[in-house]
Amino acid sequence: MTRLEVPVQLRWSDMDAYQHVNNVEMLRLLEEARIEAFWSHPVAPDGSRVESAFPTAVIDAGPGAEVSTLVARQEIEYLKPLGYRRTPVIVEMWLGHLGGASLDVCYEVRDAGEVGPKRVIYARALTTLVLVDNATGSPRRIDPEHREAWSEFLEEPVMIRRRR
């Protein structure tokens, strides 16, 4: 089981009147982690490319990119209020499904350094992304390069409590 751990710094503006990270801002934290983990860094003005720390960062999101991603679905379960702190939270990610043109990114938001059953998880979430061909606007199949980079991170999807 291989998961990505992306540290994300909280911002003062993430807090709401209840003194914890607002529900909408939590989705922004997930987005920041997802972009860091899956999108390649843009080319610098001198033509160089900064390498990502993540082997999964293979989507080119720069100007003129052939493929973009659209969020098709998001689901989040808030487990505990996340108060502001100056140390980053860890967004732990893996893939719960790797389809033809879509993938499910699974998340758990927790404090750094915590492992095992006593760790505090603030939120669990799932985002379904669809790869889209920018020229046609149609879904685009996941190519072998992306599939190879992502397969190592494929495991059971996140368990989110369902209402009956």
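Modeller: An open sheet is formed by 5 strands in the order E1-E3-E4-E5-E2, with antiparallel pairing. Strands are DSSP runs (E, at least two residues), numbered from the N terminus, and two of them pair if DSSP finds at least two bridges between them.

Colleague: Which are the edge strands?
Modeller: E1 and strand E2 (67–78), each pairing on one side only.

Colleague: Before we go on, where do these features come from?
Modeller: This is a predicted model, where local features need pLDDT of at least 70, side-chain atom pairs count only at pLDDT 80 or more, and totals for chains, interfaces and linings use all residues. Residues are numbered from 1 along each chain as its sequence is written, and side-chain values use heavy atoms, with hydrogens and water left out.

Colleague: How many bridges join E1 to strand E3?
Modeller: 5, and E1 and E3 (residues 89–98) run antiparallel. Valine 8 is opposite valine 89 in E3.

Colleague: Along strand E1, which side chains are buried?
Modeller: Leu4, Val6 and Val8, which point to one face. Buried means under 20% relative accessible area (1.4 Å probe, protein chains only).

Colleague: Why do side chains alternate?
Modeller: Because in a regular strand they alternate between the two faces of the sheet.

Colleague: And how many bridges are there between strand E4 and strand E5?
Modeller: 9, between E4 (residues 102–111) and E5 (residues 121–133), in the antiparallel sense. Aspartate 104 has threonine 128 in E5 as its bridge partner.

Terms used. Buried < 20%, exposed > 50% of the residue type's maximum accessible area, 1.4 Å probe, protein only. Helix = DSSP H or I, 4+ residues; strand = E, 2+ residues; numbered from the N terminus.
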